[in-house]
There are 2 protein chains.
Amino acid sequence: MKVKIGDSVLEMKSVWYDAENRAVGFIDQRKLPHSIETYIANNYSEVAFAIKDMVVRGAPAIGAAAAYGMILGYYEKEPERAAEMLKSTRPTAHDLFHAVDHMLKSIREGKDPVEAAENYVMRTLDACERIGRYGNDLIDDGMRILTHCNAGALATVDYGTALAPMRFAHRDGKRIFVWVDETRPRLQGASLTAWELLNEGIEHAIIADNAAGHFMKRGKVDMVIVGADRIAKNGDFANKIGTYEKAVLARENKVPFYVAAPLSTFDLSIDSGDDIVIEERSEDEVLYAQDCRIAPQGSNARNPAFDVTPAKYVRGFITEKGVIKPKDIWKLRM
Amino acid sequence: MKVKIGDSVLEMKSVWYDAENRAVGFIDQRKLPHSIETYIANNYSEVAFAIKDMVVRGAPAIGAAAAYGMILGYYEKEPERAAEMLKSTRPTAHDLFHAVDHMLKSIREGKDPVEAAENYVMRTLDACERIGRYGNDLIDDGMRILTHCNAGALATVDYGTALAPMRFAHRDGKRIFVWVDETRPRLQGASLTAWELLNEGIEHAIIADNAAGHFMKRGKVDMVIVGADRIAKNGDFANKIGTYEKAVLARENKVPFYVAAPLSTFDLSIDSGDDIVIEERSEDEVLYAQDCRIAPQGSNARNPAFDVTPAKYVRGFITEKGVIKPKDIWKLRM
């Protein structure tokens with residue numbers, strides 16, 4: 001992804017493995033958009049911390065971080081403990097489990113863990129690029145696209161899932177406009193998606209999550225594209241809290257609603273969204289906006305981090321194998 | 001309303017007229033919930049500022065402020081200019097125009113402006129109390145009620161509109177629980193509604209606006225009650241941005257959706273919501289959360305302050321004349 005620092009534009013990834021120093025590097029997403037800093041993890045515990053504390057977020061980037069973390073676990077001669085610790089960081093992201101199990105298997109089979117991890121990450125990057133190209137086919141010149149949270153390059157090492165089609169459309173010279181849900185409570189839309197679009201030079205406006213329905217009803221939204229954290233066999237999917245609201249509003253206003261996700265996000269072991277565990281995070285994320293206390297002392301909050309959107313609201317899943325209808329997910333060969 | 005200050009509990013109104021000092025007093029809502037301060041306006045320009053800068057907000061409280069502001073305009077011997085300035089502060093609130101016109105008429109007819117304003121405000125208080133009693137009849141013991149923004153005592157001088165039924169239910173000993181949408185961008189739910197409920201001792205949890213749909217879908221919301229800024233003849237109504245989203249989600253999840261508003265909020269001169277002008281406020285309200293910048297430098301935002309919810313989503317309007325169905329609004333005699 002492009003990252004503007006002062007007058008220069010760097011080409012960066014959100015997570016990388018530094019073989020020379022046996023370390024995992026991150027763009028520290030807790031610091032964006034106000035400053036661009038890197039976070040270096042020198043052992044698997046620090047990688048686990050980076051995942052848990054949201055230095056890195058987004059299912060595919062978490063998967064990549066976990067794969068690289070397993071390299072460190074291998075060098076620390078504790079791959080099993082590393083696997084356990086990494087898996088315990090975030091309960092909802094399927095990619096995390098996928099990556100750790102892939103690495104454990106490779107290590108047990110005596111394969112080079114660096115090569116195994118880089119192959120895993122390369123598949124993610126390849127998937128995102130293909131998602132970008134398939135999704136681009138759905139975008140016409142002049143379209144106004146709404147997205148929720150950050151399913152961008154930061155979330156997927158590079159390109160993004162939901163943002164990949166927009167990147168490719170923009171690079172193709174299509175004039176697009178993106179409505180960016182700010183995405184309370186952690187504001188990944190306002191702070192991360194807007195930052196990526198700004199770096200990429202894509203026109204956009206940040207809106208309160210409350211305003212998405214208003215603009216849909218006024219005919220100002222041509223399409224919604226979001227990412228996913230886990231997709232069940234029937235097409236129900238978990239994603240950032242508020243995704244369900246946008247999906248209902250999109251259908252009510254006849255706006256096509258797409259989910260962009262690599263095959264690794266599909267979990268055919270679960271039949272429906274009823275089987276997806278929803279993580280509840282600290283109430284402080286709601287009681288504060290960034291560092292500002294917004295609520296009176298003494299008030300409580302509830303903070304589900306994800307919600308489940310039923311398949312009936314989804315027009316299609318944009319994957320590296322093309323655009324798939326919910327009813328065809330069971331045919332996927334993983 | 002009850003206001004806890006240290007160990008004592010005061011009985012206060014959100015706006016009052018101080019005849020001795022010819023001044024209008026306000027609980028300064030910009031400072032809540034972190035500190036309780038009053039704002040004193042000594043002339044009509046200061047009242048206009050208080051309305052424009054949201055020292056006072058909520059349609060009925062703005063109406064009361066404007067009525068009191070007209071007393072000052074009368075003493076400053078500029079009632080026509082005062083009327084013009086007060087009307088120019090906020091374009092969406094019908095009560096504002098209603099109050100100013102009522103006062104202008106009284107002044108032209110040679111009536112005592114203090115008495116005219118106090119009569120106007122007393123009608124507001126009486127209406128809110130009746131709304132509270134009618135709304136209370138809809139609430140069963142144990143109900144979990146969702147509300148958006150602040151349609152509480154702060155917004156209506158006392159009692160509230162949407163919060164009045166909850167106050168009366170609680171005073172009747174019903175055990176109720178309130179889901180409080182934080183209500184970005186200005187966070188009136190988290191900062192004001194939660195503060196009122198806390199003072200009143202009503203159990204509640206603040207949630208990100210994104211989470212309302214999730215809790216409705218999980219069967220955790222028994223009823224929605226919101227306020228309104230303007231209601232058209234066909235039952236379409238304008239209220240805080242995000243109200244439309246909650247209404248669509250409530251219908252999708254078969255949760256009864258009520259609007260609590262006095263008759264002064266009904267504007268039978270407009271046929272439908274298409275005729276309601278939506279105020280767009282500064283993009284900084286979205287780019288910041290309170291004083292924290294949340295977006296990168298260079299990103300833009302859009303900030304519609306209200307949206308219009310079509311009548312079909314409304315189960316009933318809770319008014320001082322009882323609960324009215326949208327289709328019966330035309331029968332109202334104002």
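At what angle do the axes of helix H2 and helix H4 of chain A cross? The views below come from a predicted model, in which local features need pLDDT of at least 70, side-chain atom pairs count only at pLDDT 80 or more, and totals for chains, interfaces and linings use all residues. Residues are numbered from 1 along each chain as written, chains are lettered from A and ligands numbered from 1 in written order, and side-chain values use heavy atoms, without hydrogens or water.

**View 1. Helices H2 and H4 of chain A cross at roughly 30°.** The axes of H2 (residues 59–75) and H4 (residues 94–108) come within 8 Å. That angle makes H2(A) roughly parallel to H4(A) (under 35 degrees counts as such). Here axes are lines fitted to C-alpha atoms over the stretch in contact, with angles from 0 to 180 degrees between N-to-C directions, and helices are DSSP runs (H or I) of at least four residues, numbered from the N terminus.

**View 2. Residues of H2(A) meet residues of H4(A).** In contact (heavy atoms within 4.5 Å) are, among them, Met70(A) and Tyr74(A) of H2(A) and Leu96(A) and Met103(A) of H4(A).

**View 3. Chain A has domain 1 (2–125) and domain 2 (134–331).** These bounds come from an automatic or database assignment. The C-alpha centres of the two domains lie 23 Å apart, and their contact takes 34 residues from domain 1 and 32 residues from domain 2.

**View 4. Chain B sits in contact with chain A.** Here 63 residues of chain B touch 62 residues of chain A.

How values were computed:
Helices (H or I, at least four residues) and strands (E, at least two) are DSSP runs, numbered from the N terminus. Angles under 35 degrees count as roughly parallel, over 145 as roughly antiparallel, 65 to 115 as roughly perpendicular and the rest as oblique.
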